[in-house]
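Student: Hey, I've never looked at this one before. Can you walk me through it?
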Amino acid sequence: MDRTGQQLALAVVVPVLNEAANVAQLRTRLAAALAEIPHEVIFVDDGSTDGTQGVVEALALGDPSTRLIRRHGRRGLSSAVVEGMCATVAPVVAVIDGDLQHDETILPALYRAIATDGAELAVGTRYGAGGSTGAWDPRRAAISRYATRLAAVVMKTRLSDPLSGFFAIRRDVLLGLVPRLSLVGYKLLLDIVASAGRPLDLAEVPYTFAERSAGESKLDSAVAMDYVELLVEKTVGRWIPAKLVLFSAVGSTGVIVHMAVLALLGLLGADFTAAQAGAVGVAMIYNFTLNNRLTYRDRRLTGAAWWTGLASFIVLCSIGAFANVGVGSFIYDLSGGGWVLGGLAGIAVGTVWNFVATSWLTWRRR
Ligand code: GDD
Ligand code: MN
């Protein structure tokens, strides 16, 4: 019960990263929109450097319904939101961006869709009748539409806006799903829907996406890779770790590099073992660079760590390369001189070793 003797009905989670110029106004707008609904607002900050935490603290000092969760080290939007949702006892939890781009006046409708009308999940949609992406540049609008269609095909969702970052959910439903969520990247809603294993009772409420007036978007190219990884994880992830899929995808483009170098060295007159060893060396540097950018973008090595990372990758992959060249030569002999067969057999054994060893040592989780 709060001071008015009412039970807490709704928690609004606001993920924030450098939103100092927006949070106070958002809190005021939320108070106005939610005057009829006993609520709390939980800001989840991942180490803002622009004073966001101080602004939220000042708000929270005079108002027990405003709270701040501080996390150390940026760990991503989805996990920030879930952490906020797990930190409340309100029966309905909602998420809204901290940059005033979501229209907070539909929050009561999202809340009532659940509390009164019995939905499990209520989503603010930019694509339903009456909703809009607002003044987006054509490129961003096109990317968003494309990603939405991709989600519809891969995940078979019925959501008109599966990439929405603005929704409410029954807390017990969310809690039941938490152990199954991937929490990769930005797409929490898609993660929730894909992890549910059954169609959730769904409501949609249209709104118009506003322009950002202060601060900047944190959506970058890494976010696009997060999206690819989430789709991989939610489709084949049950059988194979998503990172192994990405590692192998990088590796298979590495195979092309490898076989080209192998062929070149062969043409230059090298014997098989020497040519295979040379090809492995070139492919190793290529694979390290690409995996560091894509597969392990969440633990990307830079500066001095890039060089020690490359060194450890080369050492580990050299062990893999020994197995690779050994198995390759063995199969080469066995098949009576099959260059392609020998090359591919070596790569298969090498890849599994390389993935396991480098995920432990080169890109160790800190
Ligand atoms: N705690 C935390 N940690 N907050 C973050 C992080 C993070 O790593 N990254 C972003 N945020 C906060 C921002 O401060 C903002 O309040 C909110 O999350 C959304 O981030 P933006 O960077 O403004 O995202 P956007 O406007 O480009 O994307 C929005 O629209 C997408 C639809 O195209 C978001 O609502 C997305 O969820 C949505 O998919
Ligand atoms: Mn935004």
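Student: Let's start with N18. Where is N18 placed?
Tutor: N18 sits in the loop between β1 and α1 (23-33). Helices (H or I, at least four residues) and strands (E, at least two) are DSSP runs, numbered from the N terminus.

Student: Before we go on, what kind of model is this?
Tutor: It's a predicted model: local features need pLDDT of at least 70, side-chain atom pairs count only at pLDDT 80 or more, and totals for chains, interfaces and linings use all residues. Residues are numbered from 1 along each chain as its sequence is written, chains are lettered from A and ligands numbered from 1 in the order in which they are written, and side-chain values use heavy atoms, with hydrogens and water left out.

Student: Back to N18, then. What is its phi?
Tutor: Phi of N18 is near 55°, a positive value in a residue other than glycine. N18 is also partly exposed, at 28% relative accessible area. Buried means under 20% relative accessible area, exposed over 50%, and partly exposed in between (1.4 Å probe, protein chains only).

Student: And what about L100, is that buried or exposed?
Tutor: L100 counts as buried, with 7% relative accessibility. Its phi is positive too, about 70°, although L100 is not a glycine. You'll find L100 in the loop between β4 (92-95) and α4 (107-115).

Student: OK, zooming out. How many helices and strands are there in the protein?
Tutor: The protein has 12 helices and seven strands. Its C-alpha atoms fill a box of roughly 85 × 40 × 40 Å, taken along the principal axes. Of its 366 residues, 48% count as buried.

Student: Now the ligand. Which residues come nearest to ligand 1?
Tutor: Of the 27 residues around ligand 1, the nearest are E19, D97, L163, R212 and K218. A residue is near a molecule or strand if one of its heavy atoms lies within 4 Å of it.

Student: How do those 27 divide up?
Tutor: The shell around ligand 1 has 11 nonpolar, six polar and 10 charged residues. Here Ala, Val, Leu, Ile, Met, Phe, Trp, Tyr, Cys and Pro count as nonpolar, Asp, Glu, Lys and Arg as charged, and the others, Gly among them, as polar.

Student: What does the side chain of D46 do there?
Tutor: An N or O atom in the side chain of D46 is 2.7 Å from a nitrogen atom of ligand 1. R212 has a polar side-chain atom 2.7 Å from an oxygen atom of ligand 1. The protein covers 98% of the 750 Å² of accessible area that ligand 1 has on its own. Those areas come from the Shrake-Rupley method with a 1.4 Å probe; for residues, only the protein chains shown count as cover.

Student: Switching topic: how many residues does helix α11 have?
Tutor: Helix α11 (residues 304-334) has 31 residues and reaches 44 Å from its first C-alpha to its last, close to the 45 Å expected at 1.5 Å a residue. That expected span is 1.5 Å times one less than the number of residues.

Student: Where is the kink in α11 centred?
Tutor: On I319, with a kink of about 25°. The bend at a residue is the angle between axes fitted to the seven residues ending there and the seven starting there.

Student: Which residues of α11 are buried?
Tutor: Among them are L310, F313, C317, A321 and N324. N324 has a relative accessible area of 7%.

Student: What does the side chain of N324 reach?
Tutor: It reaches the backbone oxygen of G346 at 3.4 Å.

Terms used
A polar contact is a pair of N or O atoms within 3.5 Å; within protein, one must be able to donate a hydrogen and the other to accept it, and residues adjacent in sequence count only if both atoms are side-chain atoms.
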